[in-house]
Amino acid sequence: MNCLKVLKKTVIDSQLYVSLMGTFFAVFFMLEQNTFRFPSVLLIFITYFSGYLYTKYQNTKYFYSIFLLNIITGLVSAALIIFNHNEIRLIKWSIIVMLGLLYNSFFLETYIRKIPLLKVFYVGLVWALVNSWLTLPEFNLSIFLISFFFVTALVLPFDIRDMESDTVQTFPKLIGVQNTKFLAYIFVFISTILSVFHLQTQFAFSFFFTSIITFILIYFSESKRDDLYFSFVVETCSVLPFLFLIIMEYF
């Protein structure tokens, strides 16, 4: 039990885990498109990590320390782009960062997280842009849609978890838990079908195996489950395409 508490405090609550999951999800598509570069991977991790810290520590005593860290990581990210990429990549990255600020910033009268039902799609949008636009020379619609539907599906179980505490309208509140799960199943199914037609064979198989596990985890998503089920187990779905790819490559 103590190990679980330490894990939750140091890895999950620190936003380190979700940032790594998002980064490995992007790496999967970078490998599929043959665009893998370590500076890009580092850029994506720093962007996710600083963005999730900014979101988590809104309206807390730690905010100004986090904001200072955001400035430093922003400068580091800009330097990574300038010295390893081009000005177009810098513009893409800046737009994605701005979208992150619109998601949850206390100085805005209305931010995305306050808008009913929009949160799940917005998170899917940002992650999809990272995978299909930031790391590629040109926008890739197929990767965008695969990422968008898959990530949106993964966010829905978190709405199930938070349905008693959320102050805005969410899908579980509006259509019920079971219908929310059906919606997530549909999104995962669409994402899987797209991957079959648009990804290389071994990548499509990796995504297919991931989808099977994702279906199972969505099925067992209930508001009464411990937070670790969602923030660790469900969150791990994002890294599964990469892990299955490694398994098929080397075993």
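Predicted model: local features only at pLDDT ≥ 70, side-chain atom pairs only at ≥ 80, totals over all residues.
The secondary structure of the chain consists of 12 helices and 0 strands. Read from the N terminus, the order of elements is accordingly α-α-α-α-α-α-α-α-α-α-α-α. The C-alpha trace extends over about 50 × 50 × 40 Å along its principal axes. For a chain of 251 residues, a compact globule would have a radius of gyration near 18 Å, and because the chain has 18 Å, its value agrees with that expectation. Contacts between residues 24 or more positions apart make up 70% of the contacts in the chain with a separation of 6 or more. Of the 251 residues, 51% count as buried.

When residues up to four places away in sequence are not counted, Phe-29 touches Asn-131, Ile-143, Ile-146, Ser-147, Leu-199 and Phe-207.

On the surface, a nonpolar patch is formed by Phe-205, Phe-208, Phe-209, Ile-212, Ile-216, Tyr-219, Phe-220 and Met-248. Together these residues have about 740 Å² of accessible area. Helix H10, residues 201-219, provides the largest share of the patch, with 6 residues. Ile-212, one of the patch residues, has its place in helix H10. The relative accessible area of Ile-212 is 39%, so this residue is classed as partly exposed, a category that lies between the limits of 20% and 50%.

Two residues in the loop between helices H2 and H3 were considered together. Helix H2 spans 16-32 and helix H3 spans 38-56, and Thr-35 is placed in the loop between them. Thr-35 has a relative accessibility of 19% and therefore counts as buried, the cut-off being under 20%. With neighbours within four places in sequence left aside, Thr-35 is in contact with Met-30, Thr-135 and Leu-136. Asn-34 is also located in the loop between H2 and H3. In contrast to the buried Thr-35, Asn-34 counts as exposed because its relative accessibility is 71%. The backbone of Asn-34 has a positive phi of about 60°, although the residue is not a glycine.

A positive phi also occurs in Gln-15, a residue other than glycine, where the angle is near 75°. Gln-15 lies in the loop between helix H1, residues 2-12, and H2. At a relative accessibility of 12%, Gln-15 counts as buried. Positive phi values are thus found both in the buried Gln-15 and in the exposed Asn-34.

A further loop residue, His-85, is found between helix H4 (63-84) and helix H5 (87-103). His-85 has a relative accessible area of 18% and is therefore buried. Apart from residues up to four places away in sequence, His-85 touches Arg-37, Pro-39, Ser-40 and Leu-80. His-85 and Tyr-62 are 23 residues apart along the chain, and their C-alpha atoms are separated by 33 Å.

Tyr-122 lies in helix H6, which comprises residues 118-134. The relative accessible area of Tyr-122 is 8%, so this residue is buried. If residues up to four places away in sequence are not counted, Tyr-122 touches Leu-99, Leu-102, Tyr-103 and Ile-112. The sequence separation between Tyr-122 and Thr-152 is 30 residues, and the C-alpha to C-alpha distance between them is 8.1 Å.

Conventions: Residues numbered from 1 in each chain as written. Heavy atoms only, no water. Patch = residues over 30% accessible without salt bridge, like charges linked within 9 Å, V, L, I, M, F, W, Y side chains within 5 Å. Areas by Shrake-Rupley, 256 points an atom, 1.4 Å probe, with all protein chains shown as cover. Salt bridge = Lys/Arg side-chain N within 4 Å of Asp/Glu carboxyl O. Helix = DSSP H or I, 4+ residues; strand = E, 2+ residues; numbered from the N terminus. Buried < 20%, exposed > 50% of the residue type's maximum accessible area, 1.4 Å probe, protein only. Contact = heavy atoms within 4.5 Å. Rg over C-alpha atoms; globule rule 2.2 N^0.38 Å.
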